[in-house]
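Thanks for coming, everyone. Please have the sequence and the model open side by side.

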Amino acid sequence: MSSENPIIEFNDVNKWFGDFHVLRDINLRVAKGERIVICGPSGSGKSTLIRCINRLEEHQQGRLLVDGTELSDDIKAINAIRKSVGMVFQQFNLFPHLTVLENLTLAPMWVSQIPKKEAEERAMQQLRRVQITEQAGKYPLQLSGGQQQRVAIARALCLTPKIMLFDEPTSALDPEMINEVLDVIKELATQGITMLCVTHEMGFARSVADRVIFMDHGQIVEENTPDEFFNNPKNERTRDFLSKILSH
Amino acid sequence: MSSQPFVFEPIASRAPPRPVGGLLPWVRRNLFDGWTNILTTLLLLLLLALALPPMFQWGLMHAVFGADNAACRAAEHHGACWGVVAEKYRLIFFGRYPYEQQWRPMVACALMVGAIAASCYRPFWRAWLLGLWALVLALFFVLMKGGLVGLVAVETARWGGFPLTVMLATLSLLIAFPLAILVALGRQSHMAGIRTLCVLYVELVRGVPLISVLFMASFMLPLFMPQGSTIDVLLRVLIGMTLFTAAYLAEVVRGGLQALPKGQIEAAQSLGLGYWQTTRKVVLPQALRLVVPATMNTFIGAFKDTSLVTIVSLYDLTGALQLALGDADWRKFFFEGQLFVAAIYFVFCYAMSRYSLWIERHLNTGTRRE
């Protein structure tokens, strides 16, 4: 389960929101290319966990290493890590004042200083990957939710990240659009990119994940292969959770 | 189980029912539907019938248009004396600027208004526009001040009328706007020192009337300066107005910053954009377009507030009117003079307000669901 050279390493990481202890003694090693699904009830700290990896949240105790760099207050190190960590949000968070193409070229042009033409070529390549090239000139709010989320995935991929973080990527979508987004993520999963995905799509977890992590009350309750996790959960709390979300 | 499932067949789309066109149906629908509307319409028509004829008779029918003082006096009480404008328009427009040199403020104003008009057009929002402004401002001051290229020098105390109004409004807004953005960002800074400084600035300046600011800038500032050093009164007033307007604008901009969803900043951060890149490319373009109406409100206010510089003996448009009415022969007809100056202000303010509506719609392309 753990590997010799993890790309992400949590060592006794703790975090509080005010007095609320949101992450408790987190220890986690993610191997390069590993695909991990994180699930758990709301408020269990799963979003906070992955948001620590690109420092949208700061951990207060413990050590957190991403791609060989320890996360600290060093702004330069953080921006370097953010370049190699892509993130997809529940609410898409596309920039509404920019066209789809401009959304995709913004970071390559300003962060990586790639010339406009090359950035646009790269962007079109990613749009092809998520099958949405024909919308390049439109503004995000003119697209459907599923299309917006696919654009958001393409935007994150434009910096050719080593790690992709998905924070409930399908929770804000209409049921009929969930699959078009999951298909894109599944395709990505075959490319060897390291992925951490917070989701309650258990079918997706079963077919894509190398490892499933269950969190509750800010701690990792159980981590296992999908087969073991779904068929033979060790912890009673996991069993209880699974029975609730799989029964309907 | 049934053997044959129903096949879903969508109903073909049809054209919407045509609205009944024409003037009469419109009038009935909008002015005479229901008792309250009928009553309101009739009342307003009655008011118009009472007000319009006397206004028409006073302003046009019995009015004197030539600069004929005797005719004006004869027509008093039943006709307007537009003669006061005909007689004094040069004084109203250019104040105490030397009479035979008044082509200079005229050209200077035309340049300034031209630059403003060019700045309103979005495809011109490029780097060269800044160069254009630098050039226009330089030309403006060379023309007004003189003492160069064979132009007679004219001291700033004699500048007045419309050029003064336009220059004060334009320059103070041009400097106040970027300053306001910095102050608004500073109020949200995580650095306590900068935050406190910005809060103090806004609260102190907002808590004082503009008249006091101008008065202090004009009379008290020199007391604190070392002996012998003088700053031009115009410059002092300009600094006072800029600082005053920037405090108000900063609060407007802050409103826009706060309305921006946090996810936008997080998305920019997750892409590795730094603070200034995020601010310039993601935060400000969205925050500023949210506050276009409130910004224009402040702009219009600042434009009219330039009239307060009369208290420190600068003769802007309203001040120049007072100069013109100093003539005992024409003093009686102050009302017509005031109407004329009010009309000039109105033209500019109305243009600003229409532009605000236009640019708001223009900037929102794509950011609203159609």
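Strand 9 of chain A is covered on both faces. On one side sit R211(A), I213(A) and M215(A), and on the other V212(A), F214(A) and D216(A), all buried. Why two sets of side chains? Because in a regular strand the side chains alternate between the two faces of the sheet.

A word on ground rules. This is a predicted model, where local features need pLDDT of at least 70, side-chain atom pairs count only at pLDDT 80 or more, and totals for chains, interfaces and linings use all residues. Residues are numbered from 1 along each chain as its sequence is written, chains are lettered from A and ligands numbered from 1 in the order in which they are written, and side-chain values use heavy atoms, with hydrogens and water left out.

Now the neighbours of strand 9. Helices (H or I, at least four residues) and strands (E, at least two) are DSSP runs, numbered from the N terminus. Two strands pair if DSSP finds at least two bridges between them. Strand 3, residues 35-39 of chain A, runs parallel to strand 9 of chain A, with four bridges. There, I38(A) stands opposite I213(A). Strand 10 of chain A pairs with strand 9 of chain A in the antiparallel sense, over five bridges. In that pair, M215(A) faces I220(A). The hairpin joining strands 9 and 10 of chain A has two residues between the strands, and H217(A) there takes a positive phi near 50°.

Step back to the whole sheet. Which order do its strands take in chain A? The order is 6-7-8-3-9-10, an open sheet of six strands with mixed pairing. Strand 6 (85-88) and strand 10 (219-224) of chain A are the edges, each pairing on one side only. The twist averages 20° from one strand to the next. Axes here are lines fitted to C-alpha atoms, for helices over the stretch in contact, and angles run from 0 to 180 degrees between N-to-C directions.

Helix 2, residues 75-84 of chain A, packs on this sheet. Helix 2 of chain A touches strand 6 and strand 7 (163-167), and its direction makes about 65° with that of strand 6 of chain A. Contact means heavy atoms within 4.5 Å.

Chain A as a whole, then. Its secondary structure comes to nine helices and ten strands. The radius of gyration, taken over C-alpha atoms, is set against the globule rule, 2.2 Å times the number of residues to the power 0.38. Chain A has 18 Å, close to the 18 Å that the rule gives for 248 residues, so it is as compact as a globular protein of that length. Of those 248 residues, 55% count as buried.

Last, the partner. The contact takes 25 residues from chain A and 24 residues from chain B. About 2200 Å² is buried between chain A and chain B, with 59% from carbon and sulfur atoms. Buried area is the accessible area (1.4 Å probe) that two parts lose on being put together, summed over both. H97(A), W110(A) and L141(A) supply 29% of what chain A buries against chain B, more than any other three residues.

Note on methods: Buried means under 20% relative accessible area, exposed over 50%, partly exposed in between (1.4 Å probe, protein chains only).
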